Amino acid sequence: MAVTDKDDLINLIEEDVPDNEIPEILPLMPVRDVVIFNDMLLPLFIGRDRSVRAVEHALEEDRYIFLAAQKDPVDEEPKTEDIFTVGTVGKVLRMVKLPDGKIKALVQGMAKGRILEYMEDKSFFKVRFEQIEEAATPEMDVNTEALMRNVREQSEKILSLKGELSSEVSAVLESIESPGKLADLVASNLRLRVDEAQQVLECHEPIERLTKAYGFLSREVELSAVQVKIQTDVRDEISKTQRDYYLREQVRAINRELGEQDDKIAEINDYKENIASAKMSPLAEKEALKQLKRLEQMHSDSSEATVIRTYLDWMVELPWSARTKDNLNIKRAAKLLDEEHHGLEKVKERILEFLSVRKLNPNMKGSILCFVGPPGVGKTSLGKAIAAAMKREFVRISLGGIRDEAEIRGHRRTYIGALPGRIIQGLKQCGSNNPVFMMDEVDKLGSDYKGDPSSALLEALDPEQNSEFSDHYLNIAFDLSKVMFILTANQLDTIPSALLDRMEVISLSGYSHEEKRTIAENYLLPRQIKENGLKKRHLQLSTGALDEIIQNFTLEAGVRSLERELGAVCRKIARKVAEGSKGGQRVSRANLEKFLGPPKYLSELDKEESQIGLSTGLAWTQVGGVVLYVETSIIPGKGELIVTGQLGEVMQESVKAAMSYTRHALAGLGFKDSFDDLDIHIHVPDGATPKDGPSAGIAIATSLFSAVVGRPVSSDVAMTGEITLRGRVLPIGGLKEKALGALRGGIKTVLFPEKNIKDLSEIPQSVKKRIRFVPVRHLDDVLAIAIENFSTLDASALKRKASSTATKKKAKKPASAGKSKETA
């Protein structure tokens, strides 16, 4: 459609240009590709010399020029017979000369005319013409009104299809009341061929001209509607990517005809070979070939092609059928375990049993082992030893702090940067589908809005289900039944019960003093000497110095801190050797402080003497068994019970149970005094550390009873067990760990529940030789052993104690710290 300024068009329609101002002889400018109608305003780019001179002559005169279309738009030098005789008188409103010699002129159609003759002028065409008067418009009848209305509606429809309809254009169409002017406006804005537009121009009768214009308009509306439909149907199909793909496919076909091969064909062939050699499951191979076909049909540089290519790389690199052959020599495995680890006989026995069953039944389902114990006892190194004994690949991942389920099951491929889960990644890394797969810190798994990783582990660790483990990224079942999973944890309390039910728990309690000494002499010290670049002759560590390090420089169930301290000694000696010192260095108990400084832990400092209201309990923590002190003081007050030391709900309930039983027991012994004017303060030291658990009941009750009766608790006695309101002692867990903690704390006697006698078999003989284990059934049994001179405690002694307490209440003076320990 020709470019038309709407505001100028309205002005031109309303303007009445008188015909008598136009001369009879005018310069002629042939135009191509366009027919100019009355009132039409359009810019013309003029480059032919004759046309340029014709425009310049018009500007010199009265700006009028005769515009006639040439029959052949391609003809650069048209003759008189090549130009239509009917044209339009135009007025040059503006002219601009361009740098290349061409001009740009703004022309307005003024009146129709017919060429009568051509005047002789070699520089440009000049013609004599006659103006064609517009035939008189008949009176407006129903047919004419209907025709004009149809033309307006069709004009609005075609403009709407092309997105060019506006209120201004509608106003212009409605403002035209002349059928001839409406026909000229419509014809000038349609994309008509030159001959069709010329037919409209040469039609002088207004109704006939409007009818002819309406026919062309209806055809254009139908064409535009079909064009819009086609564009809507194929808009997505004719995008640049598909056009490029089509061209590349043609190039690829040409290359095939020439016997050449492009990069994409080579890539597709490589994937086909890798898929065939991967020996996938039938379902996995079907999915891989499906994705490969999709890759083959899309552009290699598209983002989706990159996603598919990454997926295929994972599929062909996974060990679908690759595995290592098990070496199930039981004697060799036992020898290897003994060489790598000292002690842990029960754990080694269970591992050898597993290997023995595997040897007799190679198709047995994988067992899920869980090593539970404090840090530094050798859980991870045991997994490595198992892998070495079976000659399997070893994979280790840490589950500590994982909160996203996708870390286990993988991300779906719809996400950017999606990857398989940790399990599939580990299998790809080791290149075998039957490795020893160790998952550390399973007790430290978290969960949030992204899912529960522990629930995602249920399928992987269930021998009945893991043969079809589904990773979200692969979206294909992968067989994990041949994998030997080993999990590690410091405690079982935080492991979900459903997950714990799928595992066989093996406890690694910790090492005794003698075991630590042996481990240090045979494993840790030689390793530190080698890692620090020393030779055996450079360091001589005495047994006394090693015992001193174990006792006063470390406080742990494992040997991690012990190895660090030995490493510190080796570094000191390495510096001396590097500075030129010759000869070996002997480290003894006497000069140990020169290497490690003063002792870090003095475990027996608080146990030099027995004290009133101070009892010793035993606790089981993530770092093994530890000694736990319980202090009780009785002071004048309002009968309040004060509990400090960050005790949890279970221990606070133990305090209340101990309080009730103590009152009942004292009443039975004749103690009639009331606690209404006394405050009882129970404190467990190391207040910054939260404490909780069901095994401190008898220690709390003993401390409270000692404070009330004024008799000290033996300093070398420790106890563990929960109590009831009737004084019964309930069984506990972790007796071995607590026994090792008592040994490190210098305890000579351990009181434990009678129902835990079965657990004594797990305690090493070296510990039993140094500690006396006494089973107790009732709290009276505990008090008889722990409270000094308990047998001399009678009603008269309690009365004297009550009298002393009453005197203090009457005096209303707070007891000093020193007196509190002696007579509280």
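# Note on a predicted protein chain

1. The protein chain contains 29 helices and 26 strands. Here helices (H or I, at least four residues) and strands (E, at least two) are DSSP runs, numbered from the N terminus. The model is predicted: local features need pLDDT of at least 70, side-chain atom pairs count only at pLDDT 80 or more, and totals for chains, interfaces and linings use all residues. Residues are numbered from 1 along each chain as its sequence is written, and side-chain values use heavy atoms, with hydrogens and water left out.

2. Of the 824 residues in the protein chain, 47% are buried. A residue is buried under 20% relative accessible area, exposed over 50%, and partly exposed in between (1.4 Å probe, protein chains only). The accessible surface of the chain is about 42000 Å², and carbon and sulfur atoms contribute 49% of that surface. Such areas come from the Shrake-Rupley method with a 1.4 Å probe; for residues, only the protein chains shown count as cover.

3. Among contacts in the protein chain with a separation of 6 or more, 75% are between residues 24 or more positions apart. A contact means heavy atoms within 4.5 Å.

4. Strand β1 (residues 25-31) deserves attention, as six of its seven residues are buried. Two strands pair if DSSP finds at least two bridges between them. With strand β6 (residues 125-131), β1 pairs in the antiparallel sense over four bridges, and Leu 26 stands opposite Val 127 in β6. With strand β3 (residues 64-69), β1 pairs in the parallel sense, again over four bridges. Met 29 has Leu 67 in β3 as its bridge partner.

5. What kind of aromatic pair do Phe 66 and Phe 129 form? The structure holds six aromatic pairs, and that of Phe 66 and Phe 129 is tilted, at 5.2 Å centre to centre with 40° between the planes. The pair links distant parts of the chain, with Phe 66 in strand β3 and Phe 129 in strand β6, 63 residues apart. Both residues are covered: Phe 66 counts as buried at 0% relative accessibility, and Phe 129 counts as buried at 5%. By definition, rings of Phe, Tyr and Trp (its six-membered ring) pair if their centres lie within 6.5 Å; planes under 30 degrees apart count as stacked, over 60 as edge-to-face and the rest as tilted.

6. Phe 752 and Phe 773 form a further aromatic pair: the ring centres are 6.4 Å apart and the planes stand at 75°, so the pair is edge-to-face. Phe 752 lies in strand β25 (residues 749-753) and Phe 773 in strand β26 (residues 772-776), 21 residues apart. Phe 752 is buried, with a relative accessible area of 0%, and Phe 773 is buried with 15%.

7. In helix α16 (residues 422-430), the buried residues are Ile 423, Ile 424, Gly 426, Leu 427 and Cys 430. Viewed down the axis of α16, these buried residues fall within an arc of 160°, so they line one face of the helix. The arc is that of the directions from the helix axis to the C-beta atoms. Gly 431 follows α16 and has a positive phi, near 75°.

8. Val 151 belongs to helix α3 (residues 142-161). Is Val 151 buried or exposed? Val 151 is buried, with a relative accessible area of 1%. Leaving aside neighbours within four places in sequence, Val 151 is in contact with Leu 182, Val 186, Leu 210, Tyr 214 and Leu 217.

9. The structure holds 30 salt bridges, a salt bridge being a side-chain nitrogen of Lys or Arg within 4 Å of a carboxyl oxygen of Asp or Glu. One of them joins Arg 219 and Glu 196, with the closest N and O atoms 2.9 Å apart. This pair links distant parts of the chain: Arg 219 is in helix α7 (residues 206-234) and Glu 196 in helix α6 (residues 194-202), 23 residues apart. Arg 219 counts as partly exposed at 32% relative accessibility, whereas Glu 196 counts as buried at 5%.

10. Arg 309 forms a salt bridge with Glu 267, the closest N and O atoms being 2.5 Å apart. Arg 309 lies in helix α11 (residues 303-317) and Glu 267 in helix α9 (residues 263-278), so the pair ties together parts that are 42 residues apart in sequence. Arg 309 counts as buried, at 18% relative accessibility.
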